[in-house]
Amino acid sequence: MSIKKIALEEHFMAPDFVDYWAMTFGNISPELSDKALGALSDFGARRLEDMDKNGIEFAVLGLAGPGVQAETNTALAVRRAREVNDLLAAEVAKKPNRYGGLAHVAMQDAKAAADELERCITQLGFSGVMINGATNGMYLDDPSAEIFWERAAALKAPVYIHPNNPTDYPAMYKDHPELWGPMWSWGVETATHAMRVVTAGIFERYPDAMIILGHMGEAIPFQLWRIDSRWAIANRQGRTLKEPPSHYIRKNIMVTTSGVCSEEPLHCAIDALGADNVMFSADYPFERTIEASQFIETAKIDEVLRQKICWDNAKRILNLKI
Ligand code: MN
């Protein structure tokens, strides 16, 4: 008997977005991308069977990246984001007791992104937004994003920062293509993205803003003490925060277990961020749901905590009416 779970880094694909997604194919072996497309495009029996076998009662779906984060034409990015949100809303409406949605937005136009997020939350019933890394090299601490954070905070809509390749290719990965992508560089990229938001003071200006990170927090929970210690002596060039960075990380950043099925980082995330800030996720179809499920069902944690991670925390943070 598997434990009833909510999962929230569960991906889908829409026809107009395959070309963007194909930009990441270099990260993994070609056979795997072919296999994934079928699973991503299905909202029916195949996905539900995988959920049912593993006790996933409710899956919050998000577009597989990078989506319009890689679109250079702003008007097209805005239009396509809207279209894919409508497509997802139509699928969710067919099975509202099994699926929820995370919005896709075009940060090229932050006002449009804020408006689209509001439409997705208030009209389409979505639970937050997933942003696939930098938008054409622009990170979420960019001054242009301020209007977006203001709206996300007002809506209490969490912003799931999902990894993607950065626009540049740093010398540190030269001759090591295996380190480029999910194995290593994605974690560095995404943790840095979140840290930019923290030290830019977004959470100070918008205390209700929230970031969700996958992969057990992209190693940030492990680093809290050192982040605070070296922030104190860092060359900040005038940057200030009222509290040490860990205060905002603990208060405004939540993490999921997606793609990490081992005890040490789970316990680290719980200890560092608190029992209310860790949520189960599988990362369908890029990870094996059965492995993720069996991991959380057998992890050495008490049953109250297991219930929080599998269900209660996501229900509260995503404001799910289930
Ligand atoms: Mn993912």
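**View 1. Strand 3 and the second largest pocket.** Strand 3 (99-103) is the top contributor to the lining of the second largest pocket, giving three residues; strands here are DSSP E runs of at least two residues and helices are H or I runs of at least four, numbered from the N terminus. This is a predicted model, where local features need pLDDT of at least 70, side-chain atom pairs count only at pLDDT 80 or more, and totals for chains, interfaces and linings use all residues. Residues are numbered from 1 along each chain as its sequence is written, and side-chain values use heavy atoms, with hydrogens and water left out. A pocket is an open set of points on a 1 Å grid over the protein atoms alone, where a 1.4 Å probe fits, with protein on both sides within 12 Å along at least five of seven lines; lining residues have an atom within 4 Å of a point. The second largest pocket holds about 480 Å³, a volume being the space filled by probe spheres set on the points. Among its 30 lining residues, Phe 126, Ser 127, Leu 318, Asn 319 and Leu 320 sit closest to the centre.

**View 2. The largest pocket.** Its volume comes to about 1,100 Å³. There are 38 lining residues, with Pro 182, His 215, Asp 283, Phe 286 and Glu 287 nearest the centre. Helix 2 gives the most to this lining, four residues.

**View 3. Helix 9, residues 220-231.** Helix 9 spans only 14 Å between its end C-alpha atoms, while a straight helix of 12 residues would span 16 Å at 1.5 Å a residue, counting one less than the number of residues.
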